[in-house]
Amino acid sequence: MANFISYHPWNRPGTEFTEESDYKNRREILKTIGLTTLGLIASPAFIQACKNPDHKQAFTSIPDSQYCENCFDFKGMKELYPAKRNEKYKIDRPLTKEYDATHYNNFYEFIDRSDDNIYNAYKFVDPFENRDWKIEVSGLAEKTGTFFLEELMKTFPLEERIYRFRCVERWSMAVPWTGFPLATLIKFLQPKSSATHIRFVSYANPKEMPGVNNLTWYPWPYFEGLRMDEAMNEMAFMATGIYGKPLPKQNGAPIRLVVPWKFGYKNAKSIVRIEFVNKEPETFWHKLQPKEYPFLSNIDPKVPHPRWSQEIEHMIPDGEPRPTLKYNGYGEYVGGMY
Ligand SMILES: Nc1nc2c(c(=O)[nH]1)N[C@H]1C(S)=C(S)[C@@H](COP(=O)(O)O)O[C@H]1N2
Ligand SMILES: [Mo]
């Protein structure tokens, strides 16, 4: 298989590698991964990216053993999956195949210079240790301190929800998440009335994550945030699983945020810290590019990204186009907040 760079067939040449980084960063990434000639990016060979043999495997379901080895685990966890589906949340498209949703990932912590495709996180996650996961809770809440994920998962009933998912770069998918509403966790932690926002911090360890080790100009660890009313909205979800199984590492194991009316980068992965604060927190991509990645980042076809239109999205793996929907189609649940 020929090497290929991350390429979206629907992108114009020159925009395809930029995604959430600016031009300078883009050049640095290219340098880092050894692709110094921009000419390579526009070469027709890259049009094959989404058609690479890996992506085209026919199976829809992966046996447990293929991705749950060494994953976050505790006695009795297997019995939690698959969780009962909450049928309230419907989608208007077929489910993305499990293979595609778990082999085309945005997870900058796992960008490795040996691979030209930044979406191949699954190849580099082995050293990522996520057993005995703990979440540190701090700030303006009654209950703060260290919480074992195992305990939280036994405390809150898990459910499955099928949600659409939309990256700012325009790719989209529709996947079944397993987890619990963020509101359930927040009620348990009892934030004080002075808390206006919630902050999430991802795990970052250069020994386990090649991106953290090599992409040194990024302000690791990854950090994100929501307004308190957004965090309490019924759609905001903490996912511990996908496709009826524990999350694979590349999808943000063992616990990640899912806010489907917002662009993908709001959905912080592999969360180790939650903080209740009294002002709008800074976020990872906003810090890098304030004009391109605002705090709210609600999906809206009428608000273009400064470098591309957001009117159309493209489903993975083949880029089938669909019109972008305001709030990703979840206006009835979230529209009232804005
Ligand atoms: N810690 C961390 N969280 C992250 C990212 C990241 O690079 N690091 N990428 C974000 C972006 S831009 C997207 S689109 C989604 C992708 O989630 P997926 O790979 O499970 O589809 O994760 C988000 N969460
Ligand atoms: Mo994204």
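**Ground rules.** This model is predicted, so I kept to local features with pLDDT of at least 70 and side-chain atom pairs at pLDDT 80 or more, while totals for chains, interfaces and linings use all residues. Residues count from 1 along each chain as its sequence is written, chains are lettered from A and ligands numbered from 1 in the order in which they are written, and side-chain values use heavy atoms, without hydrogens and water.

**Entry 1: the ligand.** I looked up what surrounds ligand 1 and got 19 residues, each with a heavy atom within 4 Å of it. Asn105, Tyr108, Glu109, Asn267 and Lys269 are the closest. I sorted this shell into 9 nonpolar, 6 polar and 4 charged residues. For that sorting, Ala, Val, Leu, Ile, Met, Phe, Trp, Tyr, Cys and Pro are nonpolar, Asp, Glu, Lys and Arg are charged, and the others, Gly among them, are polar.

Next I checked polar contacts (pairs of N or O atoms within 3.5 Å). Asparagine 106 has a polar side-chain atom 3.0 Å from a nitrogen of ligand 1. The side chain of asparagine 251 puts an N or O atom 3.1 Å from a ligand oxygen. Tyrosine 108 uses a backbone N or O atom, 2.8 Å from an oxygen of ligand 1. On its own the ligand has 530 Å² of accessible area, and the protein covers 100% of it (Shrake-Rupley method, 1.4 Å probe).

**Entry 2: the cavity.** Where does ligand 1 sit? I found it in the largest cavity, meaning that more than half of its atoms lie within 2 Å of the cavity's grid points. A cavity here is a set of points, on a 1 Å grid over the protein atoms alone, where a 1.4 Å probe fits but cannot get out. I noted about 250 Å³ of space in the largest one, counted as the space filled by probe spheres set on the points. Its lining has 22 residues, with Asn106, Arg256, Gly264, Asn267 and Lys269 closest to the centre.

**Entry 3: the backbone.** Most peptide bonds are trans, and most residues other than glycine have a negative phi. I found a cis bond between tyrosine 81 and proline 82, omega about -10 degrees. Another cis bond runs from tryptophan 220 to proline 221, omega near -5 degrees. Glutamine 190, not a glycine, has a positive phi of about 50 degrees.

Methods:
A polar contact is a pair of N or O atoms within 3.5 Å; within protein, one must be able to donate a hydrogen and the other to accept it, and residues adjacent in sequence count only if both atoms are side-chain atoms. On a 1 Å grid over the protein atoms alone, a cavity is a set of points where a 1.4 Å probe fits but cannot get out, and a pocket is an open set with protein on both sides within 12 Å along at least five of seven lines; lining residues have an atom within 4 Å of a point.
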